[in-house]
Amino acid sequence: MLIVKDLKVEVEGKSILKGLTMEVGAGEVHAIMGPNGSGKSTLSHVLSGREGYEVVGGSITLDGEDLLALSPEERAWKGLFLGFQYPVAIPGLNSSVFMREAVNAQRRSRGENEYDAMDFLAIAREKMKLLKMDESFMTRAVNDGFSGGEKKRNEIYQMALLEPRLAILDEIDSGLDIDALRVVSDGINKLRSADRSLIMVTHYQRLLDYVVPDYVHVLSGGEIVRSGGRELALELESSGYGWLEKEPAAV
Amino acid sequence: MATESEEIDRYISREYEHGFVTDIEQDTFPPGLDESVVRAISAKKNEPEFMLEWRLEAFKIWQQMDVPEWAHVHYPDIDFNSISYFSSPKADSDKPQSLADVDPELLETYEKLGIPLHERAALAGVAVDAVFDSVSVATTFKDKLAEVGVIFCPLSEAVHDHPELVKKYLGSVVPLADNFYSALNAAVFSDGSFVYIPKGVRCPMELSTYFRINALNTGQFERTLIIADEGSHVSYLEGCTAPMRDENQLHAAVVELVAMDDAQIKYSTVQNWYPGDKDGKGGIYNFVTKRGDCRGERSKISWTQVETGSAITWKYPSVVLTGDNSVGEFYSVALTNNYQQADTGSKMVHIGKNSRSTIISKGISAGKAENAYRGLVKMLRGANGARNYTQCDSLLIGSQCGAHTFPYVEVQEPTAQVEHEATTSKIGDDQLFYCRQRGIAEEEAVSMIVNGFCKEVFTELPMEFAVEVQRLLGVSLEGSVG
Ligand SMILES: Nc1ncnc2c1ncn2[C@@H]1O[C@H](COP(=O)(O)OP(=O)(O)O)[C@@H](O)[C@H]1O
Ligand SMILES: [Mg+2]
């Protein structure tokens with residue numbers, strides 16, 4: 001489904017990703033782990049089309065289609081979702097208005113009927129239950145004054161509403177206490193399905209106790225230096241990232 | 001990042017929609033201003049002697065005044081002798097007597113603007129007075145309003161039919177010598193709306209005036225006077241558009257509001273005069289004096305304005321809080337783009353005890369535009385327990401525009417409280433990307449962010465205008481769930 005080949009990315013002339021290759025099949029859950037500054041968010045942003053990153057080599061295709069040729073919204077319409085590491089606040093913009101527009105924009109792109117306010121309300125309520133969110137959330141502005149936990153829950157709630165085919169969750173676990181982590185992980189697990197692929201970007205293996213991945217990749221020095229199954233994450237936990245520096249990364 | 005700003009540029013530089021010219025026969029004075037012109041305007045309107053004298057006095061005062069230069073706006077000197085001071089659509093009689101007499105082209109113009117002049121506007125519950133260039137061409141629902149004693153007519157008519165009210169209130173809020181442009185207006189004003197709400201009456205519908213400048217090289221000087229007698233309520237809407245012309249055109253209006261004991265006036269404006277083209281050519285110079293007097297106890301005056309047009313806006317709707325426990329409010333959104341300049345804000349002058357005022361100002365600048373908030377809060381000695389809260393927020397779109405805040409505070413009363421908050425923010429790439437990642441296209445995303453920023457003001461607008469305003473800002477998110 002998603003194929004990333006020899007991806008090379010620069011930010012302000014500085015080389016960040018130096019030939020990253022990975023493949024994600026339908027329904028698979030991949031974890032990408034790596035120390036801070038290794039380029040995890042860079043990868044997430046490049047996949048979703050954020051400006052400011054220069055792709056200087058390689059390719060990204062989703063079901064054979066060149067993702068790099070599409071705008072961020074077009075990628076969203078294709079079913080790509082990014083759960084942000086730092087969700088941004090939009091003061092004054094009502095969360096429900098925002099999400100209804102997002103859902104309807106995606107439905108329009110597929111030639112489907114738009115939801116009216118009542119339809120949307122019913123669906124939104126159902127998804128909020130999934131994330132144990134309070135109804136009052138609907139009247140608040142997008143991420144405005146949200147706690148760290150609320151922001152992350154909100155990201156997964158949005159994912160639940162948008163029903164993406166490929167979701168990239170960038171450090172969805174950071175800043176969560178154990179209870180919030182459980183709620184968020186439960187939400188993610190309920191959204192797992194045979195036709196939805198997941199890329200979970202994380203610094204800590206803790207999240208992977210709750211959302212168990214099929215594959216684990218270690219990102220270091222702008223490349224994937226090791227890939228394996230669930231056990232690789234546990235190994236990382238006991239040995240830390242220190243060993244990465246001692247092993248010369250294959251060029 | 002370049003592409004993102006380009007898209008923003010494209011969005012914010014959309015064309016002006018109301019820029020058509022209506023081809024109808026006009027009766028226009030030659031350019032120039034001296035005493036004979038003032039006399040001629042008065043004669044044209046067949047005014048009673050007291051009005052002519054009032055105008056002549058204003059003219060004398062104006063001649064001794066200088067153009068104000070303190071505002072944060074820049075423009076070449078205006079040659080007041082190159083402007084024509086009167087223009088009206090030529091009708092068979094001097095003035096249309098009913099809608100049936102109105103030039104069909106003119107009706108079409110209002111139709112194009114989406115302004116319902118026909119009686120079917122009843123459905124919308126709005127009574128409309130339409131002012132085309134300098135003359136009021138049609139006022140709807142006069143009869144229905146008359147049943148409850150509400151007077152809603154052109155000021156030129158009120159001068160004849162209700163001279164005692166005009167004599168008593170005209171110039172009582174904005175005196176002749178108040179400022180350069182208001183003095184000019186008093187000398188040459190041609191028409192405008194007059195409203196009187198009798199004691200205890202809640203006006204049964206929204207009242208509304210639509211101003212349209214059409215003629216070339218013509219100044220528009222309308223004057224509006226609204227009096228809400230004891231315990232009465234009225235909500236008044238004002239809209240404005242103009243054709244696209246390469247020359248700058250002058251608009252110098254005066255609005256006076258008087259609220260007696262327990263009366264409430266809500267005055268809403270959507271100002272969409274032609275702003276000039278994207279290189280800053282043409283556009284309206286909008287120099288307006290708007291002031292309300294909360295003359296009675298517990299009276300309340302609210303100004304809500306959405307300013308998107310004009311090359312230059314110079315406007316400070318104000319409230320003089322004379323009565324004890326009176327309330328003054330100012331809610332404003334001013335959007336400037338390309339080379340537009342706005343210097344706008346409010347003045348709240350507290351005289352009455354426990355008088356309260358609120359100022360919420362939202363300035364949005366894009367392109368190379370300049371947007372300034374200028375506000376004065378004055379607490380006079382004796383205004384025991386008076387309070388003001390001021391909040392000024394500026395939003396910048398792109399990096400070539402400017403926002404400025406000039407709050408002035410004068411407190412002579414030790415028990416008075418003044419609170420001021422100000423913020424400046426930029427539509428961030430991160431906000432736009434967040435929206436786009438969710439599938440919301442850039443143009444819509446900008447609209448949503450801007451709309452969110454203006455929310456506290458938009459909720460103050462009457463329904464009739466809220467829709468127009470959202471369209472104006474290119475927004476389509478009505479019927480919110482929350
Ligand atoms: N906008 C940017 N400008 C300059 N450098 C950046 C920018 N974004 C990321 N970087 C650099 O790229 C590297 C990878 O960052 P990032 O992708 O955020 O890592 P991670 O998410 O793994 O912590 C870091 O060295 C960071 O400093
Ligand atoms: Mg990161």
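So, a polar contact here is a pair of N or O atoms within 3.5 Å; within protein, one has to be able to donate a hydrogen and the other to accept it, and residues adjacent in sequence count only if both atoms are side-chain atoms. By that rule, 12 residue pairs are in polar contact across the interface of chain A and chain B, both residues at pLDDT 80 or more.

Quick housekeeping. This is a predicted model, where local features need pLDDT of at least 70 and side-chain atom pairs count only at pLDDT 80 or more, while totals for chains, interfaces and linings use all residues. Residues are numbered from 1 along each chain as its sequence is written, chains are lettered from A and ligands numbered from 1 in the order written, and side-chain values use heavy atoms, leaving out hydrogens and water.

Okay, the interface. With contact meaning heavy atoms within 4.5 Å, 42 residues of chain A touch 28 residues of chain B. The buried area, meaning accessible area (1.4 Å probe) lost on putting the two together, summed over both, is about 2,800 Å², and carbon and sulfur atoms give 63% of that. On the chain A side, Glu51(A), Glu73(A) and Val88(A) lose the most area to chain B, together 21% of what that side buries.

What about salt bridges? A salt bridge is a Lys or Arg side-chain nitrogen within 4 Å of an Asp or Glu carboxyl oxygen, and there are 3 between chain A and chain B. One salt bridge pairs Arg438(B) with Glu155(A), at 2.6 Å, N to O.

Now, which elements of chain A do the touching? Those supplying at least two residues each include helix 1 (40-48), helix 4 (117-130) and helix 5 (148-162). Helix 3 of chain A gives the most, with 8 residues. Helices here are DSSP runs (H or I, at least four residues), numbered from the N terminus, and strands are E runs of at least two.

By class, chain A's touching side has 23 nonpolar, 13 polar and 6 charged residues. Charged covers Asp, Glu, Lys and Arg; nonpolar is Ala, Val, Leu, Ile, Met, Phe, Trp, Tyr, Cys and Pro; the others, Gly among them, are polar.
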